[in-house]
Amino acid sequence: MSVVTGARAGARWALVAVLAANMLVDALEVSATLVALPAVGSGLGASVTRVQWIVTGFAAGFGGALLLGGRLVEWFGRRRVFLAALLVFAAASLGGALADGVGVLVATRVVKGFCVALTAPTGLAILVAAVPDGDARRRAVSVYSLFGAAGFCSGLLLSGALTGAGWRWTLAFPAPVALALFALGLRVVPREPARPGGGPRWPAVAAAGALTAAVLLLVDALARGRWGTAVAAGAAALAGVRAERSSPRPLVDTALLRHAPLLRSALGAAALNGSYVSFLLVAALDLWRGGWSSWETALAFLPASAPLALTALHSGRIAARLGPARAVAAGAVAAPAGYALYPRSGAGGVRYAELLPSMSLVGLAFVLAFTALHLQATGSLPSGLHQAAGGLYQTCVQLGAALTPALTSALYATSGRNAALWLVTAVGLAGAGVALTGLAHPSTDPP
């Protein structure tokens, strides 16, 4: 190998390291705040229905920006979008850590969700463009995916350690990491040639903005039972649809809306992700009230997250061996079984061994269904629609994580933990019902 070739390979792996580290930070955002959420609520004197915004606001920003993210990359280029999102992410992390009220903190969480919706898919696009096809790219994508899967576990452990010293440290620690990645990214992220204008931009921005507003309003309506806000959410959604219909190039390809496997997978993934986040939200609040420390809570959550990280490099083979439809169905059944097994007697006397069956089944559900859902969503689509389908699918995944916890927190506040847990179980069962239809109606035909 020549010196020049070795230098190029070294530069590529430096780029992969930056992108993978960013994916790790992106992935740990949800798990870190789940563990810290009770302490944040206590520190700011916020009710459950208000503090849940720390989780749902992030998911709403993430879901609202995913469809627009690809368009922003077209307009401004991968490098600019990635680096700008990193910089804003760092500023929002610091702003959230210094916030003296829930409103400011939630605003920073929405902004961070928006930034992650840009850095995660854009980082993967940069990696694919920079690393030649073949073994090198497969290794690079594997590293990238592994870091993403490991991020949730890392967030649990890091938050468990930091929240004990003060919840603001949990919110602040991504800031210096993101700034360091920004500085490194300036050196290693490749520049791109100038891009053409790409047509009118306002319809896409209006549609994405209306979608985000609709989700935020609906979260508020579900959390606080405000019908007027629900009507406003419907109006915002209609405005988004109108902007899409008037656009010469809509964000959502209408052909995708007629593809049953994609829609079935998106609904199943929304139910799985939404119920999963809601379950951990209820468990975090419950264990906090039972006197568990943040570190003990983090360790209790590990069986629900570690299996996905440990099997990340083999998830495709697992789905292929079982078949995506069977893997999805098995995972979708395991999740509500885990929710139903969570101890209903109160966290004060709960021991770790009593939580293990519930958390383990939830972890197994993600091992079986997470990758299989994505394969089922895009497997029978023409290659030209894969990117658009992935954006729509991931948007639904995030919407599930925004809406279900909002309703769960409202029920937790008004009717208690058991009622909230049964709601989570019902959402999981609904997802299982959707998944089981995939066994009865398999499809490999493109739309």
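I began with burial and noted that Arg 109 is buried, as is Glu 29, where buried means under 20% relative accessible area, exposed over 50% and partly exposed in between, with a 1.4 Å probe and protein chains only.

I kept in mind that this is a predicted model, in which local features need pLDDT of at least 70 and side-chain atom pairs count only at pLDDT 80 or more, while totals for chains, interfaces and linings use all residues. Residues are numbered from 1 along each chain as its sequence is written, and side-chain values use heavy atoms, with hydrogens and water left out.

I then looked up the salt bridges (a side-chain nitrogen of Lys or Arg within 4 Å of a carboxyl oxygen of Asp or Glu), and found six in the structure. One of them joins the side chains of Arg 109 and Glu 29 at 2.5 Å, N to O; this pair links distant parts of the chain, with Arg 109 in helix α5 (residues 102–130) and Glu 29 in helix α1 (residues 3–44), 80 residues apart. Helices here are DSSP runs of H or I with at least four residues, numbered from the N terminus. I also noted that a network of salt bridges links Glu 29, Arg 109 and Lys 112.

Next I turned to Arg 224 and Asp 220, whose closest N and O atoms are 2.9 Å apart in a salt bridge. Because the two are four residues apart in helix α9 (residues 202–224), about one helical turn separates them. Arg 224 counts as partly exposed at 43% relative accessibility, whereas Asp 220, at 10%, counts as buried.

Last, I checked the salt bridge between Glu 354 and Arg 351, with the closest N and O atoms 3.9 Å apart. Glu 354 is partly exposed at 34% relative accessibility, and Arg 351 is exposed at 59%.
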